[in-house]
Amino acid sequence: MPAKIKPLISSRKEPKQARSAELVSAIVQAAIQVLEKEGAARFTTARVAEKAGVSVGSVYQYFPNKAAILFRLQSDEWQQTLETLAEILGNTQIQPMERLRTLVQVFIKSECEEATLRQALNDAAPLYRDAPEAKESSAMGDAIYEQFIAEVLPESSAEQRRIAFELLTTTLGSVGSSYSTHPHSDDDIRLFSDALANMLIAWLNAAQAETAG
């Protein structure tokens, strides 16, 4: 039985001229608006082209299919997340637990502000989640968390670090997604983020004490 052919998700080409870059930017912005309004199920290349005010052929110059457009949106979101992780968790001039608190605050606020787009991207994930590009981005994010955990728990075993990794990533992902399904005020988000950070910090402090003892 022949292997199932997976659709291309990478852009056909990268824009080299300013005019081309502006066109791609317009397509991406239109795609965000269509995705937020229509959701993943009704997302089409034709709707993106119409929203951007260009022909479908112009879209196909840079994106071979709707999966490629959606993956571009997801890639941009991943890149932003990776930069945030590296900037916050990688800043060794600040105490680790304060870095974690800042990350939780930034993450929960971002989840709430971009809830509609993130949910739509999650719905579209089956189109590209097994792609090499997706796995590479995930691995880069994992590496940042793992480096932070190694710094916080230098004497811990590999199993303890694995548990710490799963605790941080699963809690942030699941709680952030669930919490952002309903609107919240800035004050509520801040209080909730602080409470969540306190829980994670308390667990890591206890893990530190256990390994030190």
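Begin by selecting helix α4, residues 66-89, together with helix α7, residues 132-152; in this predicted model the two helices pack at an angle of about 15°, and their axes lie 10 Å apart. Because angles under 35 degrees count as roughly parallel, α4 is roughly parallel to α7. Viewed as a crossing, α4 passes α7 in a left-handed manner.

Next, display the side chains where these two helices meet. On α4, select Phe71, Trp78, Leu82, Leu85, Ala86 and Leu89. On α7, the residues that make the contact are Glu133, Ala134, Ser137, Met140, Gly141, Ile144, Tyr145 and Phe148. Sorted by class, the contact of α4 with α7 comprises 11 nonpolar, 2 polar and 1 charged residues.

Now move to the loop between α6 (115-124) and α7, and select Ala125, which lies there. Is Ala125 buried or exposed? Its relative accessibility is 17%, so Ala125 counts as buried, the cut-off for this class being under 20%.

Finally, select helix α5, residues 96-113, and helix α9, residues 186-212. At what angle do α5 and α9 pack? The angle is about 145°, and the axes of α5 and α9 are 9 Å apart. Here α5 passes α9 in a right-handed crossing. The contact of α5 with α9 contains 12 nonpolar, 5 polar and 4 charged residues.

Note on methods: Residues numbered from 1 in each chain as written. Predicted model: local features only at pLDDT ≥ 70, side-chain atom pairs only at ≥ 80, totals over all residues. Heavy atoms only, no water. Axes fitted to C-alpha atoms, helices over the stretch in contact; angles between N-to-C directions. Helix = DSSP H or I, 4+ residues; strand = E, 2+ residues; numbered from the N terminus. Left-handed = near helix turned anticlockwise from the far one by under 90°. Nonpolar A, V, L, I, M, F, W, Y, C, P; charged D, E, K, R; others polar. Parallel < 35°, antiparallel > 145°, perpendicular 65-115°, else oblique. Contact = heavy atoms within 4.5 Å. Buried < 20%, exposed > 50% of the residue type's maximum accessible area, 1.4 Å probe, protein only.
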